[in-house]
Amino acid sequence: MPRPSIRPIWLSSLLLATITSLASAQGVEVTHDSTSDSTRSSSAQPREGRNWFVSLLHKIGRRSDDSVSTASLNAPAVTDTEPGDVADSATGEAPMRTRRATRSFKSRRDSIEWRAARNVAARSTGYRVVVDLFQHELYVLDRNDTLRIAPAATAMNSTLTYGGRSWRFETPRGVRVVRGKERDPSWKPPEWHFAEVASENGLKLRSMVSGQRIKLKDGTILTSKGDEVGIVRPGTSTFVPLVLDEHIVFDNTLFIPPEGTKHRSIKGELGHYRLDLGEGYLLHGTPYTNSIGAAVTHGCVRLADDDIEWLFENVPVGTKVYFY
């Protein structure tokens, strides 16, 4: 056969190999979590030296990537510890990630309770919020549409024991309702906060009662007046208020300020916005941005500033919040 007739076959083979290689690369890329904006933007960047045909394939690939992103959000998550734990996808479930997460259960019962809570969330409808406690992610959904996905800090799932009392830091699975919203909230730390500080610093712990006069070792009187906690020096009758941004520690003892005093209220700890879910559980901002995406809270869900602001503006009171 003359030589010129061989060249088209060689070019066709090369073209087929190129298409196969690119399609394969696109397939590998899609299997990763492709729902984040950063992933899309990085995959959308054309590579140097590629010709118009390769650029066209990338455009097609990006469209395919976007469609897979939507599909992946509508597919049920699969647990590593229970491979068969897949919910019924034919019932119009809530969008969930397909990314595998390591889940550690305390018992078989704990695993069953997680599955039940997840199935309730997956079958929820209407406008709602879903929080994946294992995945550290929050979703805002409207029927089958995903309006927002946000990384979150979730409960540490640990127990603090101090002074004969115990506090469990976890977020119960199930359904809650947004009861109220507040801008620039103050945090009123519960007793466990002071117990935690005392435990970490080797201090004793003592509660104060409004108006109570406590005599310290050097004769100073620790007391409260109105909404302030202060001291009266020996030999004087002048009440001197204590600074507000420090714990009250005297004689190796951490004193818990009386309810209603300024010292029992901390500004900025909850960020700029909070959504109240009842019984002390909140969706709120945080100054500790490095904690987002980890299991570090005492039961609340912390969100980055832009995410909690979006929730504050777009999630009305009465919205259901599903935890699993």
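Predicted model: local features only at pLDDT ≥ 70, side-chain atom pairs only at ≥ 80, totals over all residues.
Local features were taken only at pLDDT of at least 70 and side-chain atom pairs only at pLDDT 80 or more, while totals for chains, interfaces and linings use all residues. Residues are numbered from 1 along each chain as its sequence is written, and side-chain values use heavy atoms, with hydrogens and water left out.

The chain contains six helices and 21 strands (DSSP runs numbered from the N terminus, with H or I over at least four residues for helices and E over at least two for strands). Of its 324 residues, 39% are buried (under 20% relative accessible area with a 1.4 Å probe, protein chains only). Among contacts (heavy atoms within 4.5 Å) with a separation of 6 or more, 60% join residues 24 or more positions apart.

Leaving aside neighbours within four places in sequence, Leu283 is in contact with residues including Leu138, Leu275, Val301, Ile308 and Leu311.

Pockets were found on a 1 Å grid over the protein atoms alone, as open sets of points where a 1.4 Å probe fits, with protein on both sides within 12 Å along at least five of seven lines; lining residues have an atom within 4 Å of a point. Grid points are joined across faces, edges and corners, and a volume is the space filled by probe spheres set on the points. The largest pocket has a volume of about 950 Å³. It is lined by 40 residues, of which Trp187, Lys188, Pro189, Pro190 and Trp192 are the closest to its centre. Elements that give two or more residues to this lining include strand 5 (165–169), helix 5 (191–201) and strand 17 (273–276). Helix 5 gives the most, with four residues.

The second largest pocket has a volume of about 460 Å³. Among its 19 lining residues, Asp110, Phe134, Asn157, Glu170 and Arg173 are the closest to its centre. Helix 4 (108–122) and strand 3 (145–155) each give two or more residues to this lining.

Conventions: Buried < 20%, exposed > 50% of the residue type's maximum accessible area, 1.4 Å probe, protein only.
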